[in-house]
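Here are my notes on the model, jotted down as I went through it. Have it open while you read.

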Amino acid sequence: MSKSEQPLTAFLAHSFSAGDKALVSIVSRLIKRTGLIVLTGERPEAKAVGQKVKDRLGSADLFIGLLTRRHSIRNGEAWTTSPWVIEEKGYSIGQKPKRP
């Protein structure tokens with residue numbers, strides 16, 4: 001099977017917060033229903049994106065960042081998201097700037 005015949009892969013960056021688990025599951029299933037193969041990271045244990053995650057990001061055709069509310073800032077007027085999702089997004093852009 002040639003690369004053009006293989007299903008596209010999408011890296012789904014998400015937090016591993018227990019409160020996001022159901023949403024991540026729903027989004028992952030929706031992506032799979034489009035025929036894409038879903039790749040994800042792993043629970044962070046280090047201070048930087050791990051090599052396994054970098055390899056998965058490098059092999060993915062698409063990057064999908066699921067930005068969920070993590071920490072309230074400015075007295076609840078704004079929110080931050082998982083720093084890991086932001087780091088994975090930055091790595092993805094740096095490796096393949098034209099990747100969707």
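**Notes on the predicted model**

1. Let's start with Thr9, which sits in strand 1 (residues 9–13). Keep in mind that this is a predicted model. Thr9 has a relative accessible area of 12%, and because the cut-off for buried is under 20%, Thr9 counts as buried. Leaving out residues up to four places away in sequence, Thr9 is in contact with Ile37, Leu39, Ser59, Ala60, Asp61 and Leu62.

2. A closer look at one pairing: strand 1 and strand 3 run in the parallel sense and are joined over 4 bridges. Ala13 is found opposite Gly65 of strand 3.

3. What does Ser28 touch, once residues up to four places away in sequence are set aside? Its contacts are Leu12 and Val38. Ser28 is part of helix 1 (residues 21–33) and is buried, at 14% relative accessibility. Ser28 and Leu12 are 16 residues apart in sequence, yet their C-alpha atoms are 7.5 Å apart in space.

4. Next, a helix pair. The axes of helix 2 (residues 51–59) and helix 3 (residues 83–95) come within 10 Å and cross at roughly 50°, which makes helix 2 oblique to helix 3. The crossing of helix 2 and helix 3 is right-handed. On the helix 2 side the contact uses Val53, Lys54 and Leu57, which meet Glu88, Tyr91 and Ser92 of helix 3. By type, the residues in this contact of helix 2 with helix 3 are 3 nonpolar, 1 polar and 2 charged.

5. Finally, one backbone angle to look at: Arg74 has a phi near 50°, a positive value in a residue other than glycine. Arg74 is in the loop between strand 4 (71–73) and strand 5 (78–80). Is Arg74 buried or exposed? Its relative accessible area is 59%, and because exposed means over 50%, Arg74 counts as exposed.

How values were computed. Residues are numbered from 1 along each chain as its sequence is written. This is a predicted model: local features need pLDDT of at least 70, side-chain atom pairs count only at pLDDT 80 or more; totals for chains, interfaces and linings use all residues. Side-chain values use heavy atoms; hydrogens and water are left out. Helices (H or I, at least four residues) and strands (E, at least two) are DSSP runs, numbered from the N terminus. Buried means under 20% relative accessible area, exposed over 50%, partly exposed in between (1.4 Å probe, protein chains only). Contact means heavy atoms within 4.5 Å. Axes are lines fitted to C-alpha atoms, for helices over the stretch in contact, and angles run from 0 to 180 degrees between N-to-C directions. Angles under 35 degrees count as roughly parallel, over 145 as roughly antiparallel, 65 to 115 as roughly perpendicular and the rest as oblique. A crossing is left-handed if the near helix is turned anticlockwise from the far one by less than a right angle, and right-handed if clockwise. Ala, Val, Leu, Ile, Met, Phe, Trp, Tyr, Cys and Pro count as nonpolar, Asp, Glu, Lys and Arg as charged, and the others, Gly among them, as polar. Two strands pair if DSSP finds at least two bridges between them.
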